[in-house]
Amino acid sequence: MAFYITTAISYVNGVPHLGHAYEAIATDVIARHRRQIGEDVFFLTGTDEHGEPVADAARAQGIEPQALADRNSARFKALMPQLEISNDFFIRTTDQQHKQRAAEVLQRVHDRGYTYEGTYEGWYCPRCADFKVENEILEGNRCPIHEIVLTREQEQNWFFRLSAFQEPLERLYAERPDFVMPAHRYNEARAFIGSGLEDVSLTRAHLSWGIEVPWDRSQVFYVWFDALLNYYTALWYARPGEDLTARYWPANFHVIGKDILKFHTVFWPALLMAAELELPRHVFVHGFLLAGDGRKMSKSLGNVLDPFEVLERYGADALRHYLLREVSFGQDGPVSPDGFQARYDAELANEYGNLAGRTLNMLERYCGGVVPEVATDAALREEFAGLFARVDELLGTAELSAALEEIWRHVRRLNRYVEENAPWALAKDPGRADELAGVLASLAEGLRAVTLALVPYMPVKTAALLAALGAGEQNERSFASHGWGGRVSALGPLFPKDPAPAA
Ligand code: ME8
């Protein structure tokens with residue numbers, strides 16, 4: 001089964017920050033989970049390189065927009081392997097093929113009568129590259145996101161007949177209550193549509209940094225239409241010599257932040273309808289990571305927390321775990337170095353790391369380094385019975401934190417199982433050797449099960465642990481009734497306390 005998932009594509013007027021990392025990580029967890037259950041996944045991410053914000057930032061630095069885009073796009077691209085992101089392609093909207101394909105789609109929208117020439121006048125935020133409607137504007141004519149003063153803009157350009165899609169969009173929302181998730185974002189999008197759609201400007205006359213409008217060379221496309229189409233154009237050229245569109249279109253999941261809801265839940269489906277293309281199955285809207293000061297973390301507010309420091313010292317898995325554990329996915333939530341440290345120590349070093357360490361040690365010490373091939377504990381098996389089904393169900397609706405909580409409950413259960421059964425005491429009594437073998441087979445199997453469930457979240461450490469457990473080939477997503485006889489090998493602390501920075 002094909003499964004196509006995307007992140008938003010990042011603006012290259014700035015450099016990557018924790019919010020970008022968060023979105024990529026969350027999307028990656030879903031992609032890895034789908035691969036794990038055997039689906040044919042295509043995972044897209046990339047950079048959004050045209051438009052006013054990039055042109056302005058380049059001008060301020062005295063360089064060409066293309067030079068700025070090249071430099072910053074490379075930083076976003078380099079971040080992906082550092083975060084262990086398993087994207088299949090990295091699109092840049094300055095790619096020649098994207099420009100060609102996007103222009104073709106927009107030409108079709110024009111040919112089908114959904115554009116017209118007009119004069120646009122409104123309050124404009126150059127950072128958002130967006131005109132603001134009256135009820136969004138803050139006091140003193142300021143942008144609700146960037147808090148900078150908006151400018152009054154007027155120009156002749158081409159309009160997209162968004163209003164023609166009022167009824168089709170209302171029908172879409174009535175028929176598909178899971179089109180936008182979570183539910184409060186669906187309600188927000190539906191309310192926006194319900195308040196009445198106005199046509200929107202599709203092109204820009206005063207800007208040259210963009211995709212040329214094929215039927216009017218004096219204009220370039222408004223960056224949002226160019227950017228949204230990345231989800232479609234990428235499939236056409238991501239794999240040289242092969243067009244993946246039929247295989248993966250439409251997208252199953254677009255993962256985006258709440259500030260770009262309107263574009264993805266209103267403009268995007270309308271644009272696809274205008275171009276006669278199939279609509280995505282779901283748009284998942286996540287919240288914002290907030291800085292200590294409680295505001296959105298963003299480059300323009302200058303309160304960015306650097307993910308690179310955490311990565312350098314603790315590695316990608318620890319960051320991935322922290323972000324998805326700390327902030328309930330779909331909500332806003334604060335993140336901080338102290339919060340990271342507390343969770344790292346309590347959950348990774350103590351709970352999971354210790355469980356792994358002592359299980360491996362006891363297998364070595366009491367079982368000659370082999371997972372006993374005996375029956376596992378029936379009661380524990382019962383408690384693990386629903387784990388994978390529940391994780392699959394939660395991840396199916398992008399409830400990443402809830403699924404992780406479900407897994408973590410089982411990690412804690414295994415630590416209690418160790419305490420309850422005290423294998424070190426059993427080992428002192430030769431008459432209880434069978435009991436000891438059963439306990440350690442159960443622990444090994446429990447550890448294998450939670451670790452397999454954690455693979456999408458922590459791909460590096462889980463691979464190392466599964467290998468050390470001699471369970472590298474044991475991909476069965478269930479709690480087996482027997483130990484598998486794997487040969488255990490030594491593994492240093494999975495999550496060492498106070499690790500030294502990587503060399
Ligand atoms: O919006 N917490 O690009 P972008 C969580 N180019 N997510 C955050 C965040 C934070 N503090 N800050 C930003 C754009 N994001 C457009 C998208 S898609 C066709 C074009 C999220 O670089 C933000 O919500 O400003 C968005 O989903 C993504 O990072 C890229 O933001």
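A nonpolar core is a set of buried Ala, Val, Leu, Ile, Met, Phe, Trp, Tyr and Cys residues joined through side-chain atoms within 4.5 Å. Buried means under 20% relative accessible area (1.4 Å probe, protein chains only).

This is a predicted model: local features need pLDDT of at least 70, side-chain atom pairs count only at pLDDT 80 or more, and totals for chains, interfaces and linings use all residues. Residues are numbered from 1 along each chain as its sequence is written, and side-chain values use heavy atoms, without hydrogens and water.

**Exercise 1. Find the residues of the largest nonpolar core that touch the most other members.**

Step 1. The largest nonpolar core has 87 residues. L323, L324, F329, Y352, L400, Y457 and L469 touch the most other members.

Step 2. Look for the main contributor. Helix α18 (residues 433-454) gives the largest share of this core, 11 residues. Helices (H or I, at least four residues) and strands (E, at least two) are DSSP runs, numbered from the N terminus.

Step 3. Pick out L323. Leaving aside neighbours within four places in sequence, L323 is in contact (heavy atoms within 4.5 Å) with L18, Y22, I25, L289 and V335.

Step 4. Look beyond this core. Another core, of 65 residues, lies apart from it; L44, A102, L244 and I260 are among its members.

**Exercise 2. Decide how far helix α12 is covered, then see what α19 packs against.**

Step 1. Turn to helix α19 (residues 459-468). Its buried residues are P459, T462, L465, L466 and A468. They pack against α1, α12, α13 (337-367) and α18.

Step 2. Check what comes next. G470 follows α19, with a positive phi near 70 degrees.

**Exercise 3. Describe the shell around the ligand.**

Step 1. There are 26 residues around the ligand (a heavy atom within 4 Å). I9, H20, E23, D48 and D259 come nearest.

Step 2. Sort the shell by type. It divides into 13 nonpolar, nine polar and four charged residues.

Step 3. List the N and O distances. A ligand nitrogen is 2.7 Å from a side-chain N or O atom of D48. A ligand oxygen is 2.6 Å from a side-chain N or O atom of D259. A ligand oxygen is 2.9 Å from a polar backbone atom of G257.

Step 4. Taken alone, the ligand exposes 660 Å², and the protein buries 96% of that (Shrake-Rupley method, 1.4 Å probe).

Step 5. Name the main source. Helix α1 gives the largest share of the shell, four residues.

Methods: A polar contact is a pair of N or O atoms within 3.5 Å; within protein, one must be able to donate a hydrogen and the other to accept it, and residues adjacent in sequence count only if both atoms are side-chain atoms. Ala, Val, Leu, Ile, Met, Phe, Trp, Tyr, Cys and Pro count as nonpolar, Asp, Glu, Lys and Arg as charged, and the others, Gly among them, as polar. Buried means under 20% relative accessible area, exposed over 50%, partly exposed in between (1.4 Å probe, protein chains only).
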